[in-house]
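This briefing concerns the structure shown below. It is arranged by topic, from the overall fold to individual contacts.

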Amino acid sequence: TSNHPPYKIPSHYKPLPIQVPDEIKKNWTGDPKLNEGRLLAYQYALNSAGNFIGAVKADSQISDSLIAMTGDHGFSILPYTLQQAIERLSVPFYLYIPEKRRPKGPSLFDNQIGSHQDIFPTLFSLSIHEGEFIGLGHDLLKDDEAWGYNSQNLVTHNGNQLVVFNDHYDIIKTSSEAPPSQTQLDLMAQKYRALMSIIDWFFDS
């Protein structure tokens, strides 16, 4: 597996040396041996993903395919503060778009905020184009109303600010000295509550 023990890799895989800086090692949480095993499994997973992507690109019969890869949760082997919610909860989202499928014009993807529910709306916009679908997420390539959320935190852009909320709708981090106004906070909290309510209804119904 990749991010859960036991961390086992195929016997045929020849791992590359992993050098962990002392500054990170001294702050590790949990069993150091398990942490090393997790990094090794992570290396194997990334190497396998690279081989897969390379094989797809090299095969003319499938080279027009979209490739999307992500993880289900963060990589918690370090102690994070409350203000490091983004670092603790972030997961990578890799998206390969063949040249002829790429949208024209500037893309917001590299600096975008989002959540797992945004992945399929993004893929749908690249594949079914003018078709309609029902979803809670948004197209990460086009929509600049960026929201990333789960049951514990909400992250959003407020103008040029990056604002992080906890589940009580309190600001725990902002990238600007000028926080949002109370009116803006109330609107964000209202939307956050609505999103959580819709998701609860969806899974309970």
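Helices (H or I, at least four residues) and strands (E, at least two) are DSSP runs, numbered from the N terminus. Under that definition, Leu-141 is placed in the loop between helix 4 and strand 3 (147-149). The model is a predicted one, in which local features need pLDDT of at least 70 and side-chain atom pairs count only at pLDDT 80 or more, while totals for chains, interfaces and linings use all residues. Residues are numbered from 1 along each chain as its sequence is written, and side-chain values use heavy atoms, with hydrogens and water left out.

**Overall architecture**

- The protein contains five helices and six strands, and their order along the sequence is α-α-β-α-β-α-β-β-β-β-α.
- Of the 205 residues in the protein, 30% are buried; here buried means under 20% relative accessible area, exposed means over 50%, and partly exposed lies in between (1.4 Å probe, protein chains only).
- Among contacts (heavy atoms within 4.5 Å) with a separation of 6 or more, 57% are made by residues 24 or more positions apart.
- The protein exposes about 13,800 Å², of which carbon and sulfur atoms supply 55%; accessible areas come from the Shrake-Rupley method with a 1.4 Å probe, and for residues only the protein chains shown count as cover.

**Helix 2**

- Helix 2 covers residues 32-58. The expected span of a helix is 1.5 Å times one less than its number of residues; for the 27 residues of helix 2 this gives 39 Å, which agrees with the 39 Å between its end C-alpha atoms.
- At the start of helix 2, a side-chain oxygen of Asp-31 comes within 2.9 Å of the backbone nitrogen of Lys-33. This is judged as a polar contact, a pair of N or O atoms within 3.5 Å; within protein, one must be able to donate a hydrogen and the other to accept it, and residues adjacent in sequence count only if both atoms are side-chain atoms.
- The buried residues of helix 2 are Asn-35, Gly-37, Arg-38, Leu-39, Ala-41, Gln-43, Ala-49, Ile-53 and Val-56, and the buried residues of this helix pack against strand 1 and strand 2.
- Asn-35 counts as buried because its relative accessibility is 6%. Leaving aside residues up to four places away in sequence, Asn-35 touches Trp-28, Thr-29, Gly-30 and Ile-77.

- In helix 4 (119-127), the buried residues are Ile-119, Pro-121, Thr-122, Leu-123, Ser-125 and Leu-126.
- The buried residues of helix 4 pack against strand 1 and strand 2.
- In the loop between helix 4 and strand 3, Leu-141 has a relative accessible area of 8% and is therefore buried.
- Leu-141 and Pro-103 are 38 residues apart along the chain, and their C-alpha atoms are separated by 8.2 Å.

**Salt bridges**

- Side chains of opposite charge can pair when their charged atoms come close.
- A salt bridge is a side-chain nitrogen of Lys or Arg within 4 Å of a carboxyl oxygen of Asp or Glu, and by this rule there are four.
- Lys-100 and Asp-64 form one of them, at 4.0 Å from N to O. The pair links distant parts of the chain, 36 residues apart: Lys-100 is in the loop between strand 2 (93-96) and helix 4, and Asp-64 is in the loop between helix 2 and strand 1 (67-70).
- Asp-64 also forms a salt bridge with Arg-101, where the closest N and O atoms are 3.5 Å apart. Arg-101 and Asp-64 are 37 residues apart and likewise link distant parts of the chain.
- Lys-100 is exposed because its relative accessible area is 69%, whereas Asp-64 is partly exposed at 27% and Arg-101 is partly exposed at 27%.
- Glu-99 forms a salt bridge with Arg-102, the closest N and O atoms lying 3.0 Å apart. Glu-99 is exposed at 59% relative accessibility, and Arg-102 is partly exposed at 41%.

**Surface patch**

- Trp-201, Phe-202 and Phe-203 form a nonpolar patch on the surface, and together they have about 450 Å² of accessible area.
- Patches are made of residues with over 30% relative accessible area and no salt bridge; like charges are joined within 9 Å, and nonpolar side chains (Val, Leu, Ile, Met, Phe, Trp, Tyr) within 5 Å.
- Phe-202 belongs to helix 5 (residues 182-204) and is exposed, with a relative accessible area of 54%.
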